[in-house]
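Please study the structure shown below together with its sequence. The paragraphs that follow lead from the overall arrangement to particular helices and residues.

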Amino acid sequence: MIAKNGKVLRILIVDDEVEFAQTLAMRLELRKFQIGIAHSGRAALDIMAQESYDLMLLDLKIPDIGGLEVVGILRDRGTSARIIVVSGDGPAGEEQVKLEAPVASYMAKPVELNALLKNISLLFPDDV
């Protein structure tokens, strides 16, 4: 989505469910977001070390390095990207995230696009 200041918000989708990630990416790209995709924790960390994203949509159960560990590493690196955990773990996953990870929000799968867009607009009120 093109922000009020003309900047395109960049979102990295981190999910090992390839079809889910690609479908979500396509739907967000139609709304003018710039999208990147990673299918593992290590790939997400490598991308974040080389590129700048405004937001990460992060699954908890991903190969190599789990989602919560990814959050910790990114915070240790001083990343400014906001993180929305998108997980199929339901209430138990949400409680775990609240206890262990400094993330902006938690959304359960399946993600309803309008709810996600509203969440993004709340995180970036001056940009969306």
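In this predicted model, the secondary structure of the protein chain comprises 5 helices and 5 strands. Read from the N terminus, the elements follow the order β-α-β-α-β-α-β-α-β-α. Of the 128 residues in the chain, 46% are buried. The accessible surface of the protein chain amounts to about 6600 Å², and carbon and sulfur atoms account for 50% of this surface. The contacts can also be sorted by distance along the sequence. Among contacts between residues at least 6 apart in sequence, 62% join residues that are at least 24 apart.

The packing of helices may be considered next, beginning with a pair that includes H1. Helix H1 covers residues 18-29 and helix H5 covers residues 113-123; their axes lie 12 Å apart and form an angle of about 60 degrees. Because of this angle, H1 is oblique to H5. The two helices cross in a right-handed sense. On the side of H1, the contact is made by Leu 24, Arg 27 and Leu 28, and on the side of H5 by Leu 113, Leu 116 and Leu 117. Sorted by class, the residues of this contact are 5 nonpolar and 1 charged, with no polar residues.

A second pair is formed by helix H2 (residues 41-50) and helix H3 (residues 67-77), whose axes come within 10 Å and cross at roughly 20 degrees. How are H2 and H3 oriented to each other, roughly parallel or roughly antiparallel? Angles under 35 degrees count as roughly parallel, and H2 and H3 are therefore roughly parallel to each other. The crossing of H2 and H3 is right-handed. Here Gly 41, Leu 45, Met 48 and Ala 49 of H2 meet Val 70, Ile 73, Leu 74 and Arg 77 of H3. By class, this contact of H2 with H3 holds 6 nonpolar, 1 polar and 1 charged residues.

Phe 20 is located in helix H1. Which residues does Phe 20 contact, leaving aside its neighbours within four places in sequence? The contacts of Phe 20 are with Asp 15, Val 86, Lys 109 and Val 111. Phe 20 and Lys 109 are 89 residues apart along the chain, yet their C-alpha atoms are separated by 9.9 Å.

Lys 109 also takes part in a feature of the backbone. The peptide bond that leads from Lys 109 to Pro 110 is cis, with omega near -5 degrees. Pro 110 belongs to the loop between strand E5 (105-108) and H5.

Lys 32 lies in the loop between H1 and strand E2 (34-38). Its phi is near 75 degrees, which is a positive value in a residue other than glycine. Is Lys 32 buried or exposed? Since exposed means a relative accessible area over 50%, Lys 32 with its 53% is exposed.

Asp 64 is placed in the loop between strand E3 (55-58) and H3. Asp 64 is another residue other than glycine with a positive phi, near 75 degrees. With a relative accessibility of 58%, Asp 64 counts as exposed.

Notes. Residues are numbered from 1 along each chain as its sequence is written. This is a predicted model: local features need pLDDT of at least 70, side-chain atom pairs count only at pLDDT 80 or more; totals for chains, interfaces and linings use all residues. Side-chain values use heavy atoms; hydrogens and water are left out. Helices (H or I, at least four residues) and strands (E, at least two) are DSSP runs, numbered from the N terminus. Buried means under 20% relative accessible area, exposed over 50%, partly exposed in between (1.4 Å probe, protein chains only). Contact means heavy atoms within 4.5 Å. Accessible areas come from the Shrake-Rupley method with a 1.4 Å probe; for residues, only the protein chains shown count as cover. Axes are lines fitted to C-alpha atoms, for helices over the stretch in contact, and angles run from 0 to 180 degrees between N-to-C directions. Angles under 35 degrees count as roughly parallel, over 145 as roughly antiparallel, 65 to 115 as roughly perpendicular and the rest as oblique. A crossing is left-handed if the near helix is turned anticlockwise from the far one by less than a right angle, and right-handed if clockwise. Ala, Val, Leu, Ile, Met, Phe, Trp, Tyr, Cys and Pro count as nonpolar, Asp, Glu, Lys and Arg as charged, and the others, Gly among them, as polar.
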